[in-house]
Amino acid sequence: MKTFLLFLFLMPALVAAQSANPYPFTLAQDSVYLRENYQKSEFMVPMRDGTKLFTQIYAPKDQTVKHPILINRTPYSCQPYGPDSFRQRVGPNPFMLREKYIVVYQDVRGRWASEGTFVVLTPHIDVKKSNADHDEASDTYDTIDWLLKNIPNHNGNVGQWGISYNGFFTSAGSISGHPALKASSPQAPIANYWRDDSFHYGAFQLSANFGFYAFFQERKQPIKQLSSSLFENHDPDGYHFYLNMGPTANSESSYFKGRNKYYYEHFEHPDYDDYWKKRTILPHLKGIKHAIMVVGGWYDAEDLYGTFNTYKAIEKQNPGIQNIFVVGPWRHGGWAGPSGQTLNDLDFGSATSPHYQETIEAKFFRYYLFDEANRRTANSVGLPEATLFETGTNRWRTFDTYPPKGIEQKKVYLQSSGKLAFTPSTTGAAFSEFLSDPAHPVPMASKINRGFWAEYMVDDQRFASARPDVLTFQTDTLTEDLTLAGPMMAHLIVSTTSTDADWMVKIIDVYPPYAPQNPQKKEIVFGDYQQLVRSEIMRGRYRNNVSKPEAFTPNTPTQVALELQDVLHTFKKGHRLMVQVQSSCFPLADRNPQTFVNIFTARESDYQKAMHRVYHGKQGDSYVEIGVLAK
């Protein structure tokens, strides 16, 4: 789940400069610069209820000018601890180091060196009646207030940023209402745990949660040392490891054994109930008065939903504010890395991460935190509403709205004999079918991995199209470029011989047979390559109501609608558009027994084979609704 971010925050050396990075300084040079030009201090900052939060401050030694404050609140630790132990870099990205912000890191309530009790995605309290009513918005407010009163030589302007879980704290902080807060950047922010990290439409994200919560543990008192894993997994093949684990229930009974309440809470709340609803920040993102920049990656395997829906919620609920949106060709947190030019087998042609860091992120914070006079002029920051990297053509594009204007809604229809077309068919077989066997689920990726491999988001799908339990539909060869933009929705008419089923839909770019080789990837055959563009999975019992699961009636055609989330991708002339439909993606999602039982208590005998059908033509049309962007 958050393994990438854990290493990102605890091991800054991982982001050392690479050859493709235009940043002019090495990590060693920046480390020396930081020690020579900054002083570090540590405080226990009191919140309104008396709880004290551990807070580190890196302040420029330069006293000739006043400096803005940048805050990062984290559950992943402020390490290294101690006033003489320095990070190698501070701030959102290296390009901002020499601009000399006062950079603040804080362990959130109940984590690491801070006091209090940690609550998963602390529910927001809209109306606080006393100091006992606190949440992440109030903790942000109290932190800002304390910094302004106790830290010398600041200019009165405060900004905040954070990735993933830290992005949630940034979103929550943006509704704190503190007048000194001028700029916030939630990046890949968690917005709805049931929809992104914990579950995807009810399909439990087994390998991500299993690996994450082995390290992310409850603690009884403040600590400054990393806890050891609750257990070890020495099997490098995650597919093999999780299949041998057996039913999902065994992940708890054989491994966690009641030692991590955060993990077990998933078992107690498989439906989208009040536990998840009150932890969803989106409806509370109101009353924001300062500038926002939401950032994410097209290939974020963890918080893609959070990225798009945080932007959309802020845009809808805060008319008139500066709300900037940036999406690049990155995995989770990839924009904070040194290059961003490659991902798995793909090469995007340029170092996209430094480009974002220097020309977008640094510019955003510099404008709103340093230049107060210009800040009063709407939109004069010079950044467009949306800056998006168009994959397929590998170019940055800018738009004054998101989704972009000029999108035409179209439908691509699943047809018999593996055909995919922009018009429905009235001939051919009425359905396509496959046998789904929980004992042999479809792997999440073509390559051996430990069960959660973030780069599966662009993986070659030829391994899947060769399986009999994956339905494959594709268009004829495209005679002109086809650019898909904005959200997509799959509308399927399906049936099963059992009472439950997962449904997964994938959008794939099929390269032509003559696609050239990449000299840097000589081992990859790009002819007929099937690049995954977007995918999503749904636990079928939630097709009508995410809060009230409903069994399938065996052998009865049923409608299933599955939101695939947004894209900006061009299928080039000579390529094909492919849609795949399957019922498992293991072990990214746990196995559905395909019987209407509580999966978190299901026994091995509950896991049954089932024949699944997808209908087209006479029984009704199954199709994917897409947005096509005009040239």
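Let's start in the sheet: strand E3 and strand E5 (residues 154-163) run parallel and are joined by four bridges. Keep in mind as you look around that this is a predicted model. To find your place along that pairing, look for leucine 70, which stands opposite glycine 159 in E5.

E3 has another partner to check out. With strand E4 (residues 102-107), E3 pairs in the parallel sense too, this time over six bridges.

Now for the rings. A pair of aromatic rings is described by the distance of the centres and the angle of the planes. The count of aromatic pairs comes to 69. Take tyrosine 213 and phenylalanine 216: their ring centres are 6.3 Å apart and their planes sit at 80°, so this pair is edge-to-face. The angle settles that label, because planes over 60 degrees apart count as edge-to-face. Are these two residues buried or exposed? Tyrosine 213 is buried, at a relative accessible area of 2%, and phenylalanine 216 is buried as well, at 4%.

Phenylalanine 231 and tyrosine 255 make up another edge-to-face pair, with 5.4 Å from centre to centre and 70° between the planes. This one links distant parts of the chain: phenylalanine 231 belongs to the loop between helix H5 (206-213) and helix H6 (238-245), while tyrosine 255 is in helix H7 (residues 249-256), 24 residues apart. Phenylalanine 231 has a relative accessibility of 14%, so it counts as buried. Tyrosine 255 has a relative accessible area of 21% and is partly exposed; the labels part ways because buried means under 20%.

Arginine 279 puts its charged end over the ring of tyrosine 275, 3.9 Å from the ring's centre. Over at phenylalanine 118, arginine 111 lies over the face of the ring, at 5.5 Å from the ring centre.

Last stop: glutamate 390, which you'll find in strand E13 (residues 386-390). This glutamate 390 is buried, with a relative accessible area of 1%. Which residues is glutamate 390 in contact with, leaving aside its neighbours within four places in sequence? Two arginines are among them, Arg395 and Arg397, and the list also has Thr483, Leu568 and Thr570.

Conventions:
Residues numbered from 1 in each chain as written. Predicted model: local features only at pLDDT ≥ 70, side-chain atom pairs only at ≥ 80, totals over all residues. Heavy atoms only, no water. Helix = DSSP H or I, 4+ residues; strand = E, 2+ residues; numbered from the N terminus. Buried < 20%, exposed > 50% of the residue type's maximum accessible area, 1.4 Å probe, protein only. Contact = heavy atoms within 4.5 Å. Phe/Tyr/Trp six-rings, centres within 6.5 Å; stacked < 30°, edge-to-face > 60°. Lys NZ or Arg CZ within 6 Å of the ring centre and 35° of its normal. Pairing = 2+ DSSP bridges.
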